[in-house]
Amino acid sequence: MTHSTAPASATKPRPDLRFMLRHPAHILAQGFGSGLSSLVPGTMGTLFAWLSFHWLSGYWPQWFHLNNWIVIIIAGFVVGIWACDVTGKHLGKPDDGSMVWDEIIAFWLVLIFVTPSDTQMQTAAFLIFRFFDMVKPPPIRYFDQKWKGGFGVMADDIIAAFFTLLSLAIWKVL
């Protein structure tokens with residue numbers, strides 16, 4: 001008797017809590033669970049970045065200051081390439097929406113340039129970053145389509161962060 005079920009390797013896992021807890025790369029790539037939101041996971045990841053940046057900087061300012069944030073962001077980018085690559089392969093989708101480590105690292109980068117600032121400026125940074133990350137206007141879309149794997153996942157958000165900071169700089173001048 002033959003079964004018509006697909007082999008287990010052909011079944012793509014769902015990005016849920018169980019999947020996330022199976023591998024350290026998944027935990028990181030899925031933003032410690034912030035990417036598991038069924039609605040707007042990228043926005044939840046960016047919100048997690050905003051809140052965690054202020055929480056860490058507020059509770060441990062001796063460790064989370066500008067110089068260390070730069071090191072954390074660079075190291076987080078490098079480790080994120082691995083984490084997003086592994087998680088994308090395990091999900092069978094190279095840039096699954098549940099992977100938000102790229103948003104976290106990119107928004108931390110934005111925050112080191114706009115902090116300290118008032119809530120209005122930080123909210124503007126949040127909204128502008130989300131616009132660039134979601135809409136992916138040129139040249140972000142070009143890099144999103146051309147660069148694949150973990151590096152591609154991470155890099156397009158860094159470019160979105162750059163355009164966010166450029167927009168905020170222009171806004172300040174005007």
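1. Helices (DSSP runs of H or I, at least four residues) and strands (runs of E, at least two) are numbered from the N terminus. On that basis, Val-40 sits in the loop that runs between helix H2 (24–29) and helix H3 (41–59). This is a predicted model, in which local features need pLDDT of at least 70 and side-chain atom pairs count only at pLDDT 80 or more, whereas totals for chains, interfaces and linings use all residues. Residues are numbered from 1 along each chain as its sequence is written, and side-chain values use heavy atoms, with hydrogens and water left out.

2. For burial, the cut-offs are under 20% relative accessible area for buried, over 50% for exposed, and partly exposed in between, with a 1.4 Å probe and protein chains only. Val-40 counts as partly exposed because its relative accessibility is 41%. Together with Leu-39, Met-44, Leu-47 and Leu-51, Val-40 forms a nonpolar surface patch whose members have about 430 Å² of accessible area together. The areas come from the Shrake-Rupley method with a 1.4 Å probe, and for residues only the protein chains shown count as cover. Patches are made of residues with over 30% relative accessible area and no salt bridge, like charges being joined within 9 Å and nonpolar side chains (Val, Leu, Ile, Met, Phe, Trp, Tyr) within 5 Å.

3. Thr-46 is also a residue of helix H3, and it counts as buried because its relative accessibility is 0%. Leaving aside neighbours within four places in sequence, Thr-46 is in contact (heavy atoms within 4.5 Å) with Glu-103, Phe-107, Phe-126, Phe-129 and Arg-130.

4. The structure holds four salt bridges, each defined as a side-chain nitrogen of Lys or Arg within 4 Å of a carboxyl oxygen of Asp or Glu. One of them joins the side chains of Arg-130 and Asp-133, at 2.6 Å from N to O. These two residues are three apart in helix H6, and are therefore separated by about one helical turn. Arg-130 and Asp-133 are both buried.

5. Asp-133 also forms a salt bridge with Lys-136, the closest N and O atoms being 3.3 Å apart. The side chains of Lys-136 and Asp-156 meet in a further salt bridge, at 2.7 Å from N to O. Through shared partners, the salt bridges join Arg-130, Asp-133, Lys-136 and Asp-156 into one network.

6. The largest pocket has a volume of about 200 Å³. Of the 16 residues that line this pocket, the closest to its centre are Asp-95, Gly-97, Glu-103, Asp-133 and Lys-136. H3, helix H5 (101–114), helix H6 (119–135) and helix H8 (149–173) each supply at least two lining residues, and the largest share, three residues, comes from H6. A pocket here is an open set of points, on a 1 Å grid over the protein atoms alone, where a 1.4 Å probe fits, with protein on both sides within 12 Å along at least five of seven lines; lining residues have an atom within 4 Å of a point. Grid points are joined across faces, edges and corners, and the volume is the space filled by probe spheres set on the points.
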